[in-house]
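Here is a short briefing to read alongside the model. Please keep the sequence and the 3D view open as you go.

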Amino acid sequence: MKLSELSRDLPKKKCKGDAEISSLCTDSRVAGNGDLFFCFRGNNTDAHAYAREAEERGAAAIVCEYDTGAKCPQLIVPDGREAMSRLSAAFYGNPEREMKIVGVTGTNGKTTVSHFLYRIFREAGINAGMIGTLGASYGDREIPPALTTPDPVSLFSLLADMKKAGSDTVVMEVSAHALALKKEIPITYEVAVFTNFTQDHLDFFGDMTAYGAAKRKLFDPTRCRFAVLNADDPFSQTVGTDKLAHVTYGIESPADCFAMIESETISGTEAMFNLNDELADVKIPLTGRHNVYNALAAACAARRLGISLGEIARGLSHTERVEGRLERVASYRGAEIFVDFAHTPDGLEKSLSALKCFCEGRLFVLFGCGGNRDAGKRPIMGETAAKHCDYAVLTSDNPRYEDPCEIIAQIERGFAGISKDYAVVEDREKATEYALGLLKKGDVLLVAGKGGETSQEIMGIKYNYNDKAVIRSLIGKLK
């Protein structure tokens, strides 16, 4: 495909030459013949510095925000990130234009809502696709996870493959980072779902105002046909609902769609759903009130797409466990052990509150915080844990390039101000073994923060590590 043809609909561009494009590239080290190489200013690096290297390796043309001095054709654009998204979509035939795409955003709950929706689609006989934190699924294919929302080249290649496989409906998690970096900007969402809004990612956004502004982009009426909004979260009132067709859902506040919880157990919840006066008994095979919200959000989106309430109820009841999302993984000494991805104060509070209801003994939690991420939430997570658990084991998560002891100390400052019932064990596997040794009949242990992750990142190296595997291995040795 010619560069001129590929960029035909791209606004405010300046073309310096033309070339045949056979592939797209964002890394100059692997650039090759026929590649279109993308340059833009990043937070730490300006990729324009690598334009000459890409050209020397055979790149056919360069997309840039200013003239790089390269001799090959250049497409100069005002916003390199937006151009990459739009050109990636065009290169793969704009699959998003022929698909119904449901976008799910919010601080917590995106993955579970997406899994609920995906199961509802399958129950309704829809050949759907799903993209998110745990990877991508469509047909009989499972793609390993990379980012919550893939980078544009990967995203639109994946959508094109889904379309080729017969999927015309896709549910995808849309992170605030993806919205801020315009990864998915060519997409017009059939439905956009909002879960909740609490502190996270302030290392990137700086403050909650900027973080909220990024989330709000998903609900721009020019990019979203219909919204599903959480009436129990104040942020819902800020997304321009006067200009956007929408439905609200909730449990506490007046809402168009709501749930009346009938019974809750450690293995699931039964509730009556009222979707705009349509009633159905629903069984949710996940514990916790927050999962009622997640199921209700998915039900609202599915109903908007014309799926019957009966199919929605069946889909929800048949949803299998969601990897690392308040997942019951083992029993030991009469105690129950759960793994959860909770890595924000709100997520940790919801998971601990859910388990506290069914804990006949003591409620234990083991957790840490990620390095090189929002440090402000660390003492808050310590306070949250201290308020809701009986005993905590503070440990390492993904320290990345930070000192894990310093991260733990920041968590400890929050915890120790409320409770002295905790221990510090830096090594996560040793911490898990220690926590298991504390358990007695009727206790519950929550291992939080990493969920279904399969590695632990330390000084730039990812070591194999999975909470579930470690727990089961330790129990096998301790029995």
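A residue counts as buried under 20% relative accessible area, as exposed over 50%, and as partly exposed in between. K163 has a relative accessible area of 34%, so K163 is partly exposed. Please bear in mind that this is a predicted model.

**Salt bridges**

- The count of salt bridges comes to 29.
- One of them joins the side chains of E98 and K163, with N and O 3.7 Å apart. E98 sits in the loop between α3 (80-91) and β6 (100-105), while K163 belongs to helix α5 (residues 152-164), so this pair ties together parts that are 65 residues apart in sequence.
- The two partners fall into separate classes of accessibility: E98 is exposed, at a relative accessible area of 52%, whereas K163 is partly exposed, at 34%.
- Another salt bridge links the side chains of R321 and E323, with an N to O distance of 2.9 Å. Here R321 counts as exposed, at 52% relative accessibility, and E323 is partly exposed, with a relative accessible area of 26%.
- R428 and D467 also form a salt bridge, and their closest N and O atoms are 3.0 Å apart. Since R428 lies in helix α14 and D467 in helix α15 (residues 467-478), the pair ties together parts that are 39 residues apart in sequence.
- Are R428 and D467 buried or exposed? R428 has a relative accessible area of 2% and is therefore buried; D467, at 1%, is buried as well.
- Salt bridges with shared partners also join D79, E82, R86 and K182 into one network.

**Paired strands**

- Strand β14 (residues 257-265) pairs with strand β13 (residues 246-250) in the parallel sense, over two bridges. In this pairing, Y249 stands opposite C257 of β14.
- Strand β14 also runs antiparallel to strand β15 (residues 268-275), and eight bridges join the two. C257 stands opposite L275 of β15.
- How many residues lie between β14 and β15 in their hairpin? There are two residues between these strands.

**Surface patches**

- D403, E426, D427, E429 and E433 form a negative surface patch.
- Within this group, D427 is found in the loop between β21 (422-424) and α14 (428-438). D427 has a relative accessible area of 38%, so D427 is partly exposed.
- Helix α14 thus turns up in two topics, because D427 lies in the loop between β21 and α14 and R428 lies in helix α14 itself.
- A nonpolar surface patch of about 510 Å² is made by Y401, I458, M459, I461 and Y463.
- With a relative accessible area of 42%, I461 is partly exposed.

Methods
Residues are numbered from 1 along each chain as its sequence is written. This is a predicted model: local features need pLDDT of at least 70, side-chain atom pairs count only at pLDDT 80 or more; totals for chains, interfaces and linings use all residues. Side-chain values use heavy atoms; hydrogens and water are left out. Patches are made of residues with over 30% relative accessible area and no salt bridge: like charges are joined within 9 Å, nonpolar side chains (Val, Leu, Ile, Met, Phe, Trp, Tyr) within 5 Å. Accessible areas come from the Shrake-Rupley method with a 1.4 Å probe; for residues, only the protein chains shown count as cover. A salt bridge is a side-chain nitrogen of Lys or Arg within 4 Å of a carboxyl oxygen of Asp or Glu. Lys and Arg count as positive and Asp and Glu as negative; His and the chain ends are not counted. The place of a charge is taken as NZ of Lys, CZ of Arg, CG of Asp or CD of Glu. Helices (H or I, at least four residues) and strands (E, at least two) are DSSP runs, numbered from the N terminus. Buried means under 20% relative accessible area, exposed over 50%, partly exposed in between (1.4 Å probe, protein chains only). Two strands pair if DSSP finds at least two bridges between them.
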